[in-house]
Amino acid sequence: MPEFDLDSFKKTWQEQPVQQKYGSGEILQMLNRKSRNYVKYIFWISVAEFLCFTLIGLFYIIQGKEPNSFLNILEKLGVRQTREMETAFDIIYLILKIMSLSVTAYFVYRFYRNYKEIRIEENLKKFILKIIQFKKTVNAFILINIVLLVIFTSIFTVFVIYILNTQNIELTNATLAGFIAGIVISTVFTVVMVWLYYRVVYGIIIRKLDRNLTQLKEIDAQEV
């Protein structure tokens, strides 16, 4: 995606022969079109994420590998695998998966609505407000994904503690410290990785959108 700089464009515009000059309306239209394209890019990235996470989730559910890996951790803590425990875990796991995919699907829909509502030919102030609203939606999407990750980890931690209490299993101080440290480290690491992913993938486009937004505000201020 090539960069677009309003000042350099204006300078080039002023140096062109009269018959090749672009009007301010054409500059505005180009900025609007590029902004709308950036919104479209984020929408399609979110669609790809939703499809990818759905396919991965279905794969693990069919193969049964992800729940089993968690149950293996419980087994190492001395937990006896009972039918009731496995059923309870499967239900919790399925609910959390559905919740996660539902949140992603909701934001995919929001991104689509934002994209469809942005009109290149509409009033400049309304266009700017819709771009700002879209940015807020993206930030909310990133924040909610991180919050959900922390909530899911907390739920599984509570589940482990409940099972340990139910089966009257007392962990040694070293085992308990290792368990807590493992949860904290893995959670922090995962949150950082998720934040970096969104910072890179979405951040690049958002920064380009910010530059366009600044230039649009400059044009709007000049027209007042």
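I began with T104, which counts as buried because its relative accessibility is 3%, where buried means under 20% relative accessible area, exposed over 50% and partly exposed in between, with a 1.4 Å probe and protein chains only. The model is a predicted one, in which local features need pLDDT of at least 70 and side-chain atom pairs count only at pLDDT 80 or more, while totals for chains, interfaces and linings use all residues. Residues are numbered from 1 along each chain as its sequence is written, and side-chain values use heavy atoms, with hydrogens and water left out.

I placed T104 in helix 4, taking helices as DSSP runs of H or I with at least four residues, numbered from the N terminus. Leaving aside neighbours within four places in sequence, I found T104 in contact (heavy atoms within 4.5 Å) with F50 and F141.

I then searched the whole structure for aromatic pairs and noted 15 of them; rings of Phe, Tyr and Trp (its six-membered ring) pair if their centres lie within 6.5 Å, and planes under 30 degrees apart count as stacked, over 60 as edge-to-face and the rest as tilted. The pair of Y38 and Y41 is tilted, because the ring centres are 6.2 Å apart and the planes stand at 55°. Both residues lie in helix 2, three residues apart, about one turn of the helix; Y38 is buried at 3% relative accessibility, whereas Y41 is partly exposed at 31%. Ring pairs also link Y106, F107, F111, F134, F141, Y197, Y198 and Y202 into a cluster.

Last, I looked for salt bridges (a side-chain nitrogen of Lys or Arg within 4 Å of a carboxyl oxygen of Asp or Glu), and the search of the whole structure gave one. The side chains of D210 and K135 form it, at 2.4 Å from N to O. D210 lies in helix 6 (residues 173-223) and K135 in helix 5 (residues 124-166), so the pair ties together parts that are 75 residues apart in sequence. D210 is partly exposed, at 26% relative accessibility.

Terms used: Helix = DSSP H or I, 4+ residues; strand = E, 2+ residues; numbered from the N terminus.
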